[in-house]
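I opened the model to look up a few spots. My notes follow.

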Amino acid sequence: SWIYDRKYARSLRGMMAAATGIRRTKQKARAEDDDSKNKTHSSEELALLTGVESEELAEYAPAQLSTKEQEELDEQRENRKMMAERVEDDLIRGNSNMVAGDYQIQVHVIEARDLNAEDLNGLSDPYVRVKILGRSKKTRVIRKVTSCVFDETLYFNLSALSKKQIEEAVVEIQCYDYDTFTAHDLIGIATFDCKAVHALPDHELYHHWTGLIDTKSKNDNGYQGFLKLSITVLGPGDAQKFHDLDKEYLEEQALEEKEDALGGLSLGSGPSIDEHLNFLVVYIWEAEDLPKMDPSFFFKDAGSIEAYVKVEFAGNSIHTSTVNISGRGNMAPVFNEELWLPVIEPTKAKRITLGMWDYNTFSPHAPVAHLYFDYDELKRNEAANRSS
């Protein structure tokens, strides 16, 4: 359980508003003079200002703020806003040298080992599907195996991408068990950020073993098998590295002879990796000044939104409950929820996507705004806070 912290909730509200571009538009000019800043407020006035019920204010905060406390609170709000704007600028600029233009992404699916048996005969009929920016391609199906060689390269030619599009692009690797008469069973998935791959030497992740995680089944815990693959992200002016495949094959064979069973998996990921479970915990308090996604047909300037927040990371997702807000006033849903997203380490995924969505019953849900965080940066900040 967790305790609702009013000051932290306000700061988080300011950071989310600044970082997502949802700016608070003032409904009217302030008519108060400088003396009004020093005035104290009743619990009812504070409830109107903060959006928190009077009973909660009485429990978590004093009923009145002194002049000094009010000045400190205003200063904290400004500092938090400035910090959020700096974070936003860093996220937009980043340290990437990726530019707008045409890109080619190559995914070489080499082989699979130790896949989870999805059929009653103790085997699977695996194939691999790759998704990038709404496009999907897949390998052939290999029947009745748990280990197999695909050796197929899937090419994605993406034209006229903006810098933001390519930096936010994710390579999602999905391994399925093919079924003729029923829905195909997910064996596991793995995700890679195009920005992270492009930053590697020669813009490629080469002959990498990665574990597959089933994000849909609650019964399948841990790795459900392993894929060996290469991913190359080539943009304007990038040259592809030439590999001596015969020489590399002999080197890998020699290395496997020195390994135990399932040799070679120690090159990156596999059974020899010490996997462990972490949780990405996201606290969602409230939002303010959301757009009226569903305008009213009867009243001018009125409308509604059925808002929920969705968090996505490493092929897994979780969302809050839906809050319905309607009327002419401020669209300010209150969630007060914490979301726990399981993350199996090690992971190559880096980008955490936090999105505000409008729920629709008979049509696709509409995006309102998105915010992105770097998973590695959050871990570094947490480690620094613990050591301090």
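I call a residue buried under 20% relative accessible area, exposed over 50%, and partly exposed in between (1.4 Å probe, protein chains only). This is a predicted model: local features need pLDDT of at least 70, side-chain atom pairs count only at pLDDT 80 or more, and totals for chains, interfaces and linings use all residues. Numbering runs from 1 along each chain as its sequence is written, and side-chain values use heavy atoms, without hydrogens and water.

**Leu277.** I found Leu277 in strand S9 (residues 276-286). Strands are DSSP runs of E, at least two residues, numbered from the N terminus. Leu277 counts as partly exposed because its relative accessible area is 49%.

**Strand S8.** Next I checked S8 (residues 223-234). Twelve of its twelve residues are buried, so the rest of the structure largely encloses this strand. I then looked up its partners; two strands pair if DSSP finds at least two bridges between them. S1 (residues 101-113) runs antiparallel to S8 over nine bridges. There, Ala112 has Leu227 of S8 as its bridge partner. S7 (residues 204-213) also pairs with S8 in the antiparallel sense, over seven bridges.

**Ala287.** I placed Ala287 in the loop between S9 and strand S10 (294-295). Is Ala287 buried or exposed? Ala287 is buried, because its relative accessible area is 7%. I then listed its contacts, meaning heavy atoms within 4.5 Å. Beyond neighbours within four places in sequence, Ala287 touches Met331, Ala332, Pro333 and Met356. Val309 is 22 residues from Ala287 in sequence, and their C-alpha atoms are 9.8 Å apart.

Conventions:
Helix = DSSP H or I, 4+ residues; strand = E, 2+ residues; numbered from the N terminus.
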